[in-house]
Amino acid sequence: MSNPVRREFALQPEDIGRLANLAGPLDAHLRQIELRLGVEIGNRGHVFRVIGEERAAKAAESLLRQLYEQAADEVLSPESIHLSLSESGIARTLGADEVVPQEVAIKVKRGVIRA
């Protein structure tokens, strides 16, 4: 990642149910967005941090805000996250060649599992 930027923002209004809906089970929805956009997403409650290329980080922030609004009215699923990513045109905005999915690695007692 060349020249990563860090964006911090808060999602309002604070609603723990919407936040849980946005994040998904075990933060699966956030991981899905991370892999698709090549960014890192972290949060403490309603304060989010996105680290990545400038355009990808801005796109992730915009998408998270949009999904947070949707989370008030509907239950989000991996399919709806995928659909939102596709409909937003983020891939076109970022350029398909520029986004490189991050490597997934899980550290366990006996070593590292890579996907």
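Author: At the start of α1, which spans residues 16–23, a side-chain oxygen of Asp-15 comes to within 2.9 Å of the backbone nitrogen of Gly-17, where a polar contact is a pair of N or O atoms within 3.5 Å, one able to donate a hydrogen and the other to accept it, with residues adjacent in sequence counting only if both atoms are side-chain atoms. Helices here are DSSP runs of H or I with at least four residues, and strands are runs of E with at least two, numbered from the N terminus. The model is predicted, so local features need pLDDT of at least 70 and side-chain atom pairs pLDDT 80 or more, while totals for chains, interfaces and linings use all residues. Residues are numbered from 1 along each chain, and side-chain values use heavy atoms, without hydrogens and water.

Within α1, Arg-18, Leu-19, Asn-21, Leu-22 and Ala-23 are buried, that is, under 20% relative accessible area with a 1.4 Å probe, protein chains only. Their cover includes α2, β2 (40–44), β3 (47–52) and α3 (54–70), with contact taken as heavy atoms within 4.5 Å.

Against α2 (residues 28–37), α1 packs at an angle of about 50 degrees with the axes 5 Å apart, the axes being lines fitted to C-alpha atoms over the stretch in contact and the angles running from 0 to 180 degrees between N-to-C directions. Asn-21, Leu-22 and Ala-23 of α1 meet Ala-28, His-29 and Leu-30 of α2, and by class this contact has four nonpolar, two polar and no charged residues. After α1 comes Gly-24, with a positive phi near 80 degrees.

Definitions and conventions
Ala, Val, Leu, Ile, Met, Phe, Trp, Tyr, Cys and Pro count as nonpolar, Asp, Glu, Lys and Arg as charged, and the others, Gly among them, as polar. Buried means under 20% relative accessible area, exposed over 50%, partly exposed in between (1.4 Å probe, protein chains only).
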